[in-house]
Amino acid sequence: MNGDHHVILRVVAKALIPIIALFGFYVHFHGEYSPGGGFQAGVILAVSIILYSLIFGIAPTMRAVTPGFARAVAAFGFLLYTGVGVVALIRGGNFLDYDALIRDEPGGHLGQHVGIIVIELGVLFAVAGSMVTIFYAFAGRVSEIRDEDW
Amino acid sequence: MIEMLSSLVPDTVAAHAPALLVVVPMITAPIAAMMPNGRIAWFLSLLATAASLLMAVVILSQVRSIEGGAVLSYAMGGWAPPAGIEFRIDGLNAMVLLLVSIIGFLATIFSWPSVKAEIRDAKIAMFYSAYLVCFTGLCGVASTGDAFNLFVFLEISSIATYVLVALGAGQDRRALPAASHYLLLGTIGASLFVVGVGFLYAATGTLNMAELSVMLPQIPNNKAVMAGYAFIVVGLGIKAAMFPLHQWLPNAYAYSPSFVTTFLAATATKVAIYALVRFLFTVFGLEFVFEGSTLIWVLMPMGIAGMVACSFQAVFQTDVRRTLAYSSVAQVGYMLLGISLATAAGVSAGLFHLFNHAIIKGALFMALAGMVLSHQGTSLNDCRGMGRTAPWTMTAFAISGLSLIGVPLTAGFQSKFALVSALLDSGWWWGALIVVFTSVLAVIYMGRILEAVFFKAPVNPNKRRKEAPLMILIPLWILAISNIWIGVQSDFVFGLARDAAAMLILGGPQ
């Protein structure tokens, strides 16, 4: 990372990455009322990490977001989604019956609001974790044949 | 025994059995992925598949609780069908679910020694996670009553399968091209299927299978429905390895880890055939599918061609796993032949063979996995003298091999006999002759293997007895003995197949 001709890239990326991550969460939480949701938000969040690694290199990125952590996030997202379904089961509803999550007065839809936000959060984690894991799997690959041997 | 087991389950749990069957392995998968130690992940998989098996037994007893078979309906998320996604379970689903969960449970017991030897330690936890996802997907396909949801579960199981096949690369690098070949064809199959479902949705405005079956007869001669029908048959045909769409199968079975081959050979194509049967008989219905006799001109020639061509190919293989893989495609042909008769006897023979073949191939590949563990190879040469060095493993192998041929007193005989009588009933005596002819081919290809195993001198005569570990032998012998049990006392399994077929052909209670 020497050479000053990358300075603009680095400065702009540093400014953009937090905004991209924030926009990811905006897409998630606003997904209830406008186009968006967990999948898109997860991709945008993963893009902020991938952009970092494109500008600053794969090694520092892997130190910041370790491959194990990325995998754990993906698994946690899946667990969160299924977990909401199981909680609904335990509370006496059918699988993924959000109304069973929170009992409020008849006609209320609090359970539906909470349920959809939480399962979409699960999707966000699962997608972001998987995207970063897939990116690491490709970018972190060491070539099996050395360049001199070609 | 079924009633005894299901009476152990509390009513509140039993009410949710259709969902729990799929949910338990689904929620165990991410937990297994995060386990630091492969052995814990294996143990979790064992618990999850055992829970699924118990739920399958509960479901079976619920379905059989009334005369003619009950239909269980479970509304996901509390949204009533047809708007919401429905799990709809009748006699056919219950049979397939029982099959998948029995094989899943036995395969999980057997997997540990085999997986430990073939997969790198760091990857074992992830391996079991992928296996549980695959198991979830297969159970989901076999229980859902929603056409699009079926596609989703089919993809869940397929994507996990590609990963599992590719993990054979630790043993043999040819697993990687095999997996990518499987991925390409499998994705094409799934895409064709979903295009077909899209056509049906465009024509009817519903995705619920029960409602589709009511609405499709109301719009006869609809071009979109016909196109959708063609897409669905071809798409599921690829997944089920229907000849000539089977090219992905031999390599995928030959180079994936032994455990994966065992599990896939016994379940994956069976579930795809279930889906095909479900669409042909329930969604489209007999009138649509058979009136123009399309099925007789497509399914039956493909089934017969697969039986003959792939049995011949099996004869000329030098690797035992490839022999068995080609034999699997041939056996798919038997099932399709039975189904294409479109009579209650034919369909029940096809379904009966589906169940038996899963048990036969499960046992054969399990014995081979034991052989890979102790002898590191599966070519015909590696087999020589195995009957002397590993008598217990190879006796179970021989029993299942005889069952594959169709020797009396084995499961294979019962289902082939049912198939031949169904063919004769419909007046297709030449079809019965072809079944006998391909059974002779099976004698040749299994005979070559059994000859090498029992009558050739061992490769290394100094080698001491090297039996497969007990954890392989126990599930292997359970499957081998059930081959004989079905051969002697076929009432239970054949009864399941007959009930399912009667419901499909004659129309059970709605």
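**A walk through chain B**

B:Val133 sits in helix α6 (residues 124–143) of chain B; helices here are DSSP runs of H or I with at least four residues, strands are runs of E with at least two, and both are numbered from the N terminus. Before going on: this is a predicted model, where local features need pLDDT of at least 70, side-chain atom pairs count only at pLDDT 80 or more, and totals for chains, interfaces and linings use all residues. Residues are numbered from 1 along each chain as its sequence is written, while chains are lettered from A and ligands numbered from 1 in the order in which they are written.

Is B:Val133 buried or exposed? B:Val133 is buried, because 25 other C-beta atoms lie within 10 Å (20 or more make a residue buried, 12 or fewer exposed, in between partly exposed, with C-beta atoms placed from the backbone). Skipping its neighbours within four places in sequence, B:Val133 is in contact with B:Ala29, B:Ile156 and B:Ala160; contact means C-beta atoms, placed from the backbone, within 7 Å. B:Leu433 is 300 residues from B:Val133 in sequence and 42 Å from it in space, C-alpha to C-alpha.

Now try B:Val271, in helix α12 (residues 258–291) of chain B. B:Val271 is buried too, with 26 other C-beta atoms within 10 Å. B:Val271 and B:Ala142 are 129 residues apart in sequence, yet 6.6 Å apart in space, C-alpha to C-alpha. Neighbours within four places aside, B:Val271 is in contact with B:Val96, B:Val100, B:Leu138, B:Val141 and B:Ala142.

Next, the core. The largest nonpolar core has 240 residues, and B:Ile59 and B:Met95 have the most contacts inside it. Such a core is a set of buried Ala, Val, Leu, Ile, Met, Phe, Trp, Tyr and Cys residues joined through C-beta atoms within 7 Å. Helix α15 (residues 344–375) of chain B brings the largest share of this core, 20 residues. As for B:Ile59, not counting residues up to four places away in sequence, it touches B:Ala17, B:Pro18, B:Leu21, B:Leu72, B:Ile89, B:Ala94 and B:Leu97.

On to helix pairs. The axes of helix α4 (residues 38–63) of chain B and helix α5 (residues 91–118) of chain B come within 8 Å and cross at roughly 155 degrees. Axes are lines fitted to C-alpha atoms, for helices over the stretch in contact, and angles run from 0 to 180 degrees between N-to-C directions. α4(B) and α5(B) are therefore roughly antiparallel to each other (over 145 degrees; under 35 is roughly parallel, 65 to 115 roughly perpendicular, the rest oblique). Their crossing is left-handed, meaning the near helix is turned anticlockwise from the far one by less than a right angle (clockwise is right-handed). Among the residues that meet are B:Trp42 and B:Ile59 in α4(B) and B:Ala94 and B:Trp112 in α5(B). By class, this contact of α4(B) with α5(B) has 15 nonpolar, eight polar and no charged residues; Ala, Val, Leu, Ile, Met, Phe, Trp, Tyr, Cys and Pro count as nonpolar, Asp, Glu, Lys and Arg as charged, and the others, Gly among them, as polar.

Finally, helix α18 (residues 391–405) of chain B and helix α21 (residues 470–488) of chain B have axes that come within 9 Å and cross at roughly 35 degrees. The crossing of α18(B) and α21(B) is left-handed.

How values were computed. Two residues are in contact if their C-beta atoms, placed from the backbone, lie within 7 Å.
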